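Reader: I am new to reading protein structures. Can we go through one together, term by term?

Author: Gladly. Here it is.

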Amino acid sequence: MSLLRVESLGKRFGGVNAVDDLNYEIQAGAVHSIIGPNGAGKTTLLNLLTGVYRPSCGRIMFEERDLTGRTPYEYAAHGIGRTFQNLQVFFNMSALENVMVGRYMHERCGLASALLRFPRLKRAEQACREEAAELMRYVGLQDYLSAAADAMPYGALKRLEIARALATKPKLILLDEPAAGLNPTEALDLDDLIGRLTERGVSVVLVEHNMRLVMGVSDHILVLDYGRKLAEGSAQAIRNDPKVIEAYLGSAVASAGSETSADTPAGLVGRAVAGAGSAGNSSAGAGQIGSAGLVGTGAR
Ligand SMILES: Nc1ncnc2c1ncn2[C@@H]1O[C@H](COP(=O)(O)OP(=O)(O)O)[C@@H](O)[C@H]1O
Ligand SMILES: [Mg+2]
């Protein structure tokens, strides 16, 4: 059964069709990745799927319920959680409190009832604290249970956002570039965490430039380009799709010049085509997007 379905979905910003006439389905229990060059509309799509943006046209169905035009709170309440491309951590709180925020969103304890039922509230708070600690352990943050958020390294903060999203008890979690800014070892650990999310019954949508991660964990990949669906299918099908290679190569050739850094699109595609990415074990030949190529392009 499809968990989420979008029908002819569109979002315009002035003259730009950030998401353009998109039909797309997400299956329960699977890992779906969304890839595409910078500006392809990936983050806009996640914002539409969480009620941050209202679609210009089309419908969003979640568990066969029409959520089009609903608020972010309603999307969260129906079971769609997310993390952000640019960290959205409360740096004046502890790590644990950041996760508890997610849980409070789920419970919505009012002040009046809080004052009337103080003992019960204290028990609820304790349960909430324990649950947040459990989620921190689950995402691998057992060493940060008493840390202040502003004392944590970047990789740990990305995991903290995943723990906070899980605290809202989502059926579907949307991860916007979770590997961006991580070192290769931290990025490797994400494979395992994403796999465990589906075991927990949480379906995953992964927006990511790290092709090694995408190709390794995805049951299904959607490729966006200029807001439109360029291709979709299994990792194997996408890796060898000439349209996909052209979309990446096209932008790389356009921006190729004196830049040769591996962090520029041109450098990345160069590595991808050569099949000589950072993991060093890509089997891709020329004309293929190497499983280790296209790693970690700049955030946008
Ligand atoms: N809030 C916004 N206002 C105006 N234009 C936007 C806004 N958000 C995104 N865009 C435009 O929509 C297009 C898609 O952007 P985005 O969804 O961020 O792409 P991606 O996440 O794939 O890099 C880009 O052309 C971008 O400039
Ligand atoms: Mg983005």
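Reader: Which residues does Met 136 touch, leaving aside residues up to four places away in sequence?

Author: This is a predicted model. In it, Met 136 touches Ala 95, Leu 96, Val 99, Leu 141, Gln 142, Tyr 144, Leu 145 and Ala 163.

Reader: What makes these residues count as touching?

Author: Two residues are in contact if their C-beta atoms lie within 7 Å. Ala 163 is on the list for Met 136, so that pair meets the cut-off.

Reader: Which residues touch the most other members of the largest nonpolar core?

Author: Val 99, Met 136, Ala 163, Val 204 and Leu 206 do, in a core of 71 residues. Helix H6, residues 154–167, gives the largest share of this core, 7 residues.

Reader: Why are E6 and E10 called edge strands?

Author: The order in their open sheet is E6-E7-E8-E3-E9-E10. Strand E6 (80–82) and strand E10 (228–233) each have a single partner strand, so one side of each is left without a neighbour in the sheet. The twist averages 20° from one strand to the next.

Reader: How do you know that E3 and E8 pair?

Author: Strands pair if there are at least two bridges between them. E3 (residues 31–35) and E8 (residues 203–207) are joined by 4 bridges, so they pass. The two run parallel, and His 32 stands opposite Val 205 in E8.

Reader: What about E4 and E5: how many bridges join them?

Author: There are 2 bridges between E4 (residues 57–62) and E5. The cut-off is at least two, so they pair as well. These strands run antiparallel. Met 61 has Asp 66 in E5 as its bridge partner.

Reader: What kinds of residues make up the shell around ligand 1?

Author: The shell divides into 4 nonpolar, 6 polar and 2 charged residues. Of the 12 residues there, the closest are Phe 13, Ala 18, Lys 42, Thr 43 and Thr 44. Lys counts as charged, so Lys 42 belongs to the charged group. Helix H1 supplies the largest share of the shell, 3 residues.

Methods
Residues numbered from 1 in each chain as written. Chains lettered and ligands numbered in written order. Predicted model: local features only at pLDDT ≥ 70, side-chain atom pairs only at ≥ 80, totals over all residues. Core = buried A, V, L, I, M, F, W, Y, C linked by C-beta atoms within 7 Å. Buried ≥ 20, exposed ≤ 12 C-beta atoms within 10 Å, placed from the backbone. Near = placed C-beta within 6 Å. Axes fitted to C-alpha atoms, helices over the stretch in contact; angles between N-to-C directions.
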